[in-house]
Amino acid sequence: MRAGASRAGAVRGSDGAGGGRRGGSRRRSAARGSMSRRALRRLRGEQRGQEEPGLGELGLASGPEKGGEWPQAAVKARGRPGVSNRFELITSEELEDDLSSKEEQADARLKEHNVAEGSNEEPTPEEAEHNGQRDGKGADQPDQTPVLSNKPRKKKKKRKTKKTSAGEALEDDDLEDIDSLLEKIEDTNGLSQESQSGIIADSKPLLYIEHRNLNPENELKRYFGARAVLGDQRPRQRQRQYVRSTWLTAPKNTWPRYSKTGIAMQLVETRRGVQYFTFEHHREYQQVQFKFLDAVESMDPNNIVLLLQMNPYHVDSLLQLSDVCRMQEDQEMARDLVERALYSLECAFHPVFSLTSGSCRLDYRRPENRAFYLALFKHLMFLEKRGCPRTALEFCKLILSLDPENDPLCVLLMIDFLSLRAREYAFLTRMFQEWESHRNLSQLPNFAFSVPLAYFFLSQQEEHSELELSHARERAARLIQLALIMFPSVLMPLLDHCSVQPDARVASHSFFGLNAQISQSPALNQLTSLYVGRTHSLWKDPAVMAWLETNVHEVLRMVDARDPLVEESEHKRKMRYQSAPRNIYRHVILSEMKEATAALPLEVTSQPVMGFDPLPPLDSIISYTRPERTNHPSNESTLSLFFRSLLPNFNLQGDIRHDGDEEAGAGQDLNQGVNRLMAAMRDMLANIQFQEPPRDDNPEGDGDWD
């Protein structure tokens, strides 16, 4: 069918050209008068599409203006002989091109034929502009029938091949250039280059974070396989509406449509290669924040639900309602709300803010930044309960990288547990080696016991050499003995949680007895209780218990021999751990470990703790304040609340809202107002006369009431 159509088109082209140049131009002008230029170009495009397969080479088409066949010398000069089968030049790539691309290709090929023939005809202004884009090659005749040649086809195939090869296999020189560029970029960020084959862990920064490790599905796929994790989610994801791609959490179809919430992130300053950022609340978000505080003070979760219906991505409301759902045993909804809060905050990131560089900081003293810390921590806790310790460890590293010096949520108390659960023993030992000199990690019970446990697990791995295994066993034994000497109160609660009965020598010795727990300070008791309650499951392995028993007996031998190290450690325990810093209290509250929560001091438990901002720093940096409310029912007396229930506009404290020097007078006015009110109440009660019921002196009932 195509061959017949092409021959018909060629015959028509030759008949039109036989009338000479003048007749052809008359017919073209008449055609332009009868139809639009676009329709004419579309008609030419269809004809050219029919005439593409090398008609000039087959001798079936004549020149549009010269009425004769194209010279065979010009065809041979293209470098390829005539094609006997005209369909050999039809490729799948050309069939996929639209009409506009065919028109441009045909015009370009026609110009090259004119250059080969030495055409001297003057181009039109449009063609001259088009020729200028083609590096000034030759002139072109308007409205000529295009003839395909081999040289432009080779160019097209080259371009296509080059495009596909860039996506599949690059040349060696290009790879070297790209590698060198990546090295320069990584060096400027302080990171080492990561390759597909993997790199040495020591070449990375300690808190280096990989985006793929932030996705819990990747970890679950390693455990259970992609089919078990994804299931039938793939077809539904194709129909999902467009959402912004994020690293911290994946948006869900069930979430409300995201719109700008009024949160933004700004770059505060850059010092020594470290960038300090902060979140900012715009005016509309501040108004929502004030409504949220009113809803919290009402002590009714339904008010928070109503607020979220109007503002579905208000972060503090999402975090507070997540705590309510978790208390009601709705873990799925609680986790979903935390993920939505993370998504809202990540959409507000500054373009320069990086999760993986480790050089971006957020000041916890600013209330706007605390929601990000708390959302990350709560998400981390859900990941650990979900069975994704590797992903939880990555989020723990992220929280620590935001403020490694102050560590406002004290994630150092749990990073060792997540490392052991994720079997990242090398990371834990490396962190202990690099940070021990300036952070004194050995003075924390969790590091004192977890690091030797990590060395013990490393000594059980057969892929290491015998020298490395021997070195790991030695370090494990030495460090666990130091931990038992420094923190003897850990042993008995740990064995109790593991349901292990110690032998008679250990049970009867005073060093590990009840006196060791009673004599320690409350701050140290919190740390040891937190560690035992969180990590006791890691010590239940029989091999671990046998190794621990051996070292416990070695410690008892040192105690009986009056080793100076024992007395020195006892002195350190008495001098240190006098009081715990505020970030440890904040960590205990967020962790909700029963053993540690019971040991919180009275000054912490007596004050109200809000889930959206537990124990705010005492030196907070306040950027905007909540406006003073005209009504303060929470501070009013019982009498004032009674009158407010009768008269909603009554405000006993409305007259005392003054500033500065008027506070003393305001207090006096308050006392006078209360005295006048009490006097009026006494007068009112004194003037009230209750009428007595009638006496039943006349049983006949013929008397009257007074």
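The questions below start with the whole chain and then turn to single elements and residue pairs.

Me: How many helices and strands does the protein have, and what share of its residues is buried?
Reply: This is a predicted model, and its secondary structure comes to 34 helices and 3 strands. Among contacts between residues at least 6 apart in sequence, 69% join residues at least 24 apart. As for burial, the protein has 706 residues, and the buried share of them is 43%.

Me: Which elements are included in what covers the buried residues of α23?
Reply: Buried residues of α23 include Leu 469, Ala 472, Arg 475, Leu 479 and Met 486. The cover over the buried residues of this helix includes α22 (445–459), α24 (491–497), α28 (542–560) and α29 (564–575).

Me: Where does Ser 359 lie, is it buried or exposed, and which residues beyond its sequence neighbours does it contact?
Reply: Ser 359 is placed in the loop between α17 (331–346) and β3 (360–362). Its relative accessibility is 19%, and because buried means under 20%, Ser 359 counts as buried. Its side chain makes a polar contact of 3.2 Å with the side chain of Ser 357. Once neighbours within four places in sequence are left aside, the contacts of Ser 359 are Gly 273, Val 274 and Gln 275.

Me: How many aromatic pairs are counted, and how far apart in sequence are the parts that Phe 292 and Phe 612 tie together?
Reply: The count comes to 21 aromatic pairs. One of them joins Phe 292 and Phe 612 edge-to-face, with 4.9 Å centre to centre and 80° between the planes. Phe 292 lies in helix α14 (residues 283–297) and Phe 612 in the loop between α32 (602–605) and α33 (638–646), so the parts tied together are 320 residues apart in sequence.

Me: What relative accessibility do Phe 292 and Phe 612 have, and are they buried or exposed?
Reply: Phe 292 has a relative accessibility of 0% and therefore counts as buried. Phe 612 has a relative accessible area of 12%, and it too is buried.

Me: What is the geometry of the pair Phe 349 and Phe 372, and which parts does it tie together?
Reply: The rings of Phe 349 and Phe 372 are edge-to-face, 5.6 Å centre to centre, with 90° between the planes. Both Phe 349 and Phe 372 are buried. The pair ties together parts 23 residues apart in sequence, namely the loop between α17 and β3, where Phe 349 lies, and helix α18 (residues 367–386), which holds Phe 372.

Me: Over which rings do Arg 340 and Lys 397 lie?
Reply: The charged end of Arg 340 is 5.9 Å from the centre of the ring over which it sits, that of Tyr 313. Lys 397 is 5.1 Å from the centre of the ring whose face it lies over, that of Phe 427.

Me: Which residue forms a salt bridge with Glu 394, and what relative accessible area does each partner have?
Reply: The count comes to 24 salt bridges, and in one of them Glu 394 has Arg 390 as its partner, with the closest N and O atoms 2.6 Å apart. Both residues lie in helix α19 (residues 389–402), 4 residues apart, about one turn of the helix. Both are also buried, Glu 394 with a relative accessible area of 1% and Arg 390 with one of 14%.

Me: Are Glu 434 and Arg 430, which meet in a salt bridge, buried or partly exposed?
Reply: The side chains of Glu 434 and Arg 430 meet at 2.7 Å, N to O, and being 4 residues apart in helix α21 (residues 425–439), they are separated by about one helical turn. Glu 434 has 36% relative accessibility and counts as partly exposed, whereas Arg 430, at 15%, counts as buried.

Definitions and conventions:
Residues are numbered from 1 along each chain as its sequence is written. This is a predicted model: local features need pLDDT of at least 70, side-chain atom pairs count only at pLDDT 80 or more; totals for chains, interfaces and linings use all residues. Side-chain values use heavy atoms; hydrogens and water are left out. Helices (H or I, at least four residues) and strands (E, at least two) are DSSP runs, numbered from the N terminus. Buried means under 20% relative accessible area, exposed over 50%, partly exposed in between (1.4 Å probe, protein chains only). A polar contact is a pair of N or O atoms within 3.5 Å; within protein, one must be able to donate a hydrogen and the other to accept it, and residues adjacent in sequence count only if both atoms are side-chain atoms. Contact means heavy atoms within 4.5 Å. Rings of Phe, Tyr and Trp (its six-membered ring) pair if their centres lie within 6.5 Å; planes under 30 degrees apart count as stacked, over 60 as edge-to-face and the rest as tilted. A charge sits over a ring if NZ of Lys or CZ of Arg is within 6 Å of the ring centre and within 35 degrees of the ring normal. A salt bridge is a side-chain nitrogen of Lys or Arg within 4 Å of a carboxyl oxygen of Asp or Glu.
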